[in-house]
Amino acid sequence: MTGIGAQVTAAATELLQVANLQAEQILVVGCSTSEVIGAVIGTKGSEAVAEEILTALRSVTSPKGVYLAIQCCEHLNRALVVEGELLRLHRELEEVSVRPVAKAGGSLSAQAMEHFSRPVVVEAIRAHAGLDIGETLIGMHLRAVAVPVRLAIRQIGEARLTAARTRPKLIGGERACYR
């Protein structure tokens with residue numbers, strides 16, 4: 001594993017711990033491999049970098065039973081590649097008909113299509129935490145109350161890294177009690 005894989009492993013490990021992600025919860029990941037290698041988003045995607053990133057992500061999430069949702073680029077309206085099993089667990093998810101490829105969807109989503117057991121694409125999701133590698137705008141796929149997480153790793157390669165966890169809404173006003 002090169003430095004990029006090690007950075008992704010460290011960032012994902014820290015986020016899963018800080019967010020206290022449990023089995024069957026969802027981690028959404030948006031990634032510009034162009035940004036990772038120091039280019040402008042959408043200009044020089046790299047299948048090799050994407051494969052390394054996906055391998056690192058899966059090495060962290062799979063043992064914990066956390067599901068990955070890999071966000072496509074804006075050419076596919078930021079749809080997401082997920083494991084087909086997730087449709088059974090989260091019945092609100094609806095499969096859409098498209099096959100992400102490197103030039104329409106992005107290199108990471110194309111790799112997810114190749115390496116997931118039974119990949120499907122969904123239009124939207126409400127993930128429990130997220131990693132945004134290269135400012136790909138994952139916020140639309142997080143639950144309602146997203147909380148920024150400052151990770152020890154601030155970049156993956158040359159790309160800025162942003163992380164978030166989510167929490168339940170606080171409701172009830174001044175007399176309410178919270179955990």
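## A residue at the end of a helix

Thr-61 lies in helix H3, where helices (H or I, at least four residues) and strands (E, at least two) are DSSP runs, numbered from the N terminus. This is a predicted model, in which local features need pLDDT of at least 70 and side-chain atom pairs count only at pLDDT 80 or more, while totals for chains, interfaces and linings use all residues. Residues are numbered from 1 along each chain as its sequence is written, and side-chain values use heavy atoms, with hydrogens and water left out.

Is Thr-61 buried or exposed? Thr-61 is buried, because its relative accessible area is 1%, and the terms are set so that buried means under 20% relative accessible area, exposed over 50%, and partly exposed in between (1.4 Å probe, protein chains only). When residues up to four places away in sequence are not counted, Thr-61 touches Leu-16, Leu-27, Val-66 and Leu-68, contact being defined as heavy atoms within 4.5 Å.

The buried residues of H3 are Val-49, Ala-50, Glu-52, Ile-53, Leu-54, Ala-56, Leu-57, Val-60 and Thr-61. These buried residues of H3 pack against H1, E1, H2, E2, H5 and E6.

## How H1 and H3 pack

Helix H1 (residues 3-19) and helix H3 (residues 47-61) pack with their axes 8 Å apart and at an angle of about 35°, where axes are lines fitted to C-alpha atoms, for helices over the stretch in contact, and angles run from 0 to 180 degrees between N-to-C directions. From H1 the contact is made by Ile-4, Gly-5, Val-8, Thr-9, Ala-12, Thr-13 and Leu-16, and from H3 by Val-49, Glu-52, Ile-53, Ala-56, Leu-57, Ser-59, Val-60 and Thr-61. Sorted by kind, the residues in this contact of H1 with H3 are nine nonpolar, five polar and one charged; here Ala, Val, Leu, Ile, Met, Phe, Trp, Tyr, Cys and Pro count as nonpolar, Asp, Glu, Lys and Arg as charged, and the others, Gly among them, as polar.

## Helix H1 from end to end

H1 has 17 residues, which at 1.5 Å a residue should span 24 Å, and its end C-alpha atoms are 24 Å apart, in agreement. Which residues of H1 are buried? They are Ile-4, Gly-5, Val-8, Ala-11, Ala-12, Leu-15, Leu-16 and Ala-19. These residues cover an arc of only 135° around the axis, which puts them on the same side of H1, the arc being that of the directions from the helix axis to the C-beta atoms. An α-helix has 3.6 residues a turn, so residues three or four places apart point the same way.

Gly-3 is also found in helix H1, but at 45% relative accessibility Gly-3 counts as partly exposed. The C-alpha atoms of Gly-3 and Gly-157 are separated by 7.6 Å, although the two residues are 154 residues apart along the chain.

## A mostly covered helix

Helix H5 (residues 107-115) is mostly covered, since seven of its nine residues are buried, and these are Ser-107, Leu-108, Ser-109, Ala-110, Gln-111, Ala-112 and Met-113. What covers the buried residues of H5 includes strand E1 (26-31), helix H2 (33-36), H3, E2, E3 and strand E5 (119-122).

Ser-107 is buried, with a relative accessible area of 6%. Leaving aside its neighbours within four places in sequence, Ser-107 is in contact with Thr-33, Gly-45, Ser-46, Glu-47, Ala-50 and Ala-102.

## Residues with positive phi, and one more loop

Most residues other than glycine have a negative phi, and most peptide bonds are trans. Asn-77, which is not a glycine, has a positive phi of about 55°; Asn-77 lies in the loop between strand E2 (67-71) and strand E3 (80-83) and is exposed, with a relative accessible area of 58%.

Glu-94 lies in the loop between helix H4 (85-89) and strand E4 (95-96), and Glu-94 is exposed, with a relative accessible area of 61%. Apart from neighbours within four places in sequence, Glu-94 is in contact with Val-121, Val-122 and Glu-123.

Methods
Expected span 1.5 Å × (residues − 1).
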